[in-house]
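Visitor: Hi! Could you walk me through how the helices pack here?

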Amino acid sequence: MNALALGLLYLLLLMGVFLVLPVWVIVRVKLPLISKILFGFNYFALIAVISMHLGAVGSLFQANRAAREDLQVLIRELRNRPASEVIPALDDYLAAEAGSRVSLSERFPAPAGESPEPEPRPPAELPEVQCPVKSVMGLPGCGPQ
Amino acid sequence: MLIFPLVLAGIALIAGWPLFFRRWKYNRYLWVMSSILVVALGAWSMLYFQFERSYALHAEAEAVRATRDALESGIDPRELADALEKLDRSTAFEQAGVRARYRLWYEAVREAER
């Protein structure tokens, strides 16, 4: 309930700042009518363009994640199944329309007990740096102590 | 919370920059130019998304078809899995956009086939 009220308040604040305040400013500003109309059009068109672009970027981001998941599923299935079982799945994948495509992770669900997340990568080993400073004025240097 | 006023100021500046030239007698033409700028921005955004989506779908089909053809031609699936796993762990793949990701996938399959 609290979260809902906070969400509504947040939405109200956003609408106030981004929709109502600009209308008030545009109505109050001393400009010829045609300039006022164009200013209003510019502002609200820009809001629409930015929202649309954010949506498009979000959609591409989802597609990017799906690409990685599909690759990981393909790697797993190539290790566990013979090629004769993987080829028909790829054929189905290619034959389907882009909108109705069943992803490889749905076609080959992860076996029970296996985490869908990839294993964390081991940290890269850094090359050992030779430190010429042993100690300065009694303070320890950066080499092994 | 500072982000809202900053975003609002940015949008107002892009939409209302002719306000800085209010005393100029041809000011109304600047408003028309500003409108054209905003409409062009919207058109660019739409075209960008449509092209990016279309190219990504094409790259996806190419990568999957290359994988299928490689398996059909008799490549060892484990060898192909190793090549793709190496790609999955690479930084270039991690940082790539959707189209580049499929392109890298395609190239990895071609490389494993050789």
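Guide: Let's begin between the chains, in what is a predicted model: H3(A) and H2(B) cross in a left-handed way.

Visitor: What angle do H3(A) and H2(B) pack at, and how far apart are their axes?
Guide: The angle is about 155 degrees, and the axes are 10 Å apart. Angles over 145 count as roughly antiparallel, so that is how H3(A) and H2(B) run relative to each other.

Visitor: Which residues in H3(A) and H2(B) meet?
Guide: On the H3(A) side, they include Val86(A), Ile87(A), Leu90(A) and Asp91(A). Among their partners in H2(B) are Ala61(B), Val64(B), Arg65(B) and Arg68(B). This contact of H3(A) with H2(B) has nine nonpolar residues, one polar and four charged.

Visitor: Zooming out, how many residues does each chain put into the contact?
Guide: Chain A puts in 37 residues and chain B 41.

Visitor: And which element of chain A gives the most?
Guide: H2(A), with 25 residues on the side that touches chain B. By class, that side of chain A has 28 nonpolar, five polar and four charged residues.

Visitor: New topic: within chain A, is the crossing of H1(A) and H2(A) left-handed or right-handed?
Guide: Right-handed. H1(A), residues 2-28, and H2(A), residues 33-80, pack at about 165 degrees with axes 10 Å apart, and are therefore roughly antiparallel.

Visitor: Which residues in H1(A) meet H2(A)?
Guide: Phe18(A), Pro22(A) and Ile26(A), which meet Lys36(A), Phe39(A), Gly40(A), Tyr43(A) and Ile47(A) in H2(A). The residues of this contact of H1(A) with H2(A) comprise six nonpolar, one polar and one charged.

Conventions: Residues are numbered from 1 along each chain as its sequence is written. Chains are lettered from A and ligands numbered from 1 in the order in which they are written. This is a predicted model: local features need pLDDT of at least 70, side-chain atom pairs count only at pLDDT 80 or more; totals for chains, interfaces and linings use all residues. Axes are lines fitted to C-alpha atoms, for helices over the stretch in contact, and angles run from 0 to 180 degrees between N-to-C directions. Helices (H or I, at least four residues) and strands (E, at least two) are DSSP runs, numbered from the N terminus. Angles under 35 degrees count as roughly parallel, over 145 as roughly antiparallel, 65 to 115 as roughly perpendicular and the rest as oblique. A crossing is left-handed if the near helix is turned anticlockwise from the far one by less than a right angle, and right-handed if clockwise. Two residues are in contact if their C-beta atoms, placed from the backbone, lie within 7 Å. Ala, Val, Leu, Ile, Met, Phe, Trp, Tyr, Cys and Pro count as nonpolar, Asp, Glu, Lys and Arg as charged, and the others, Gly among them, as polar.
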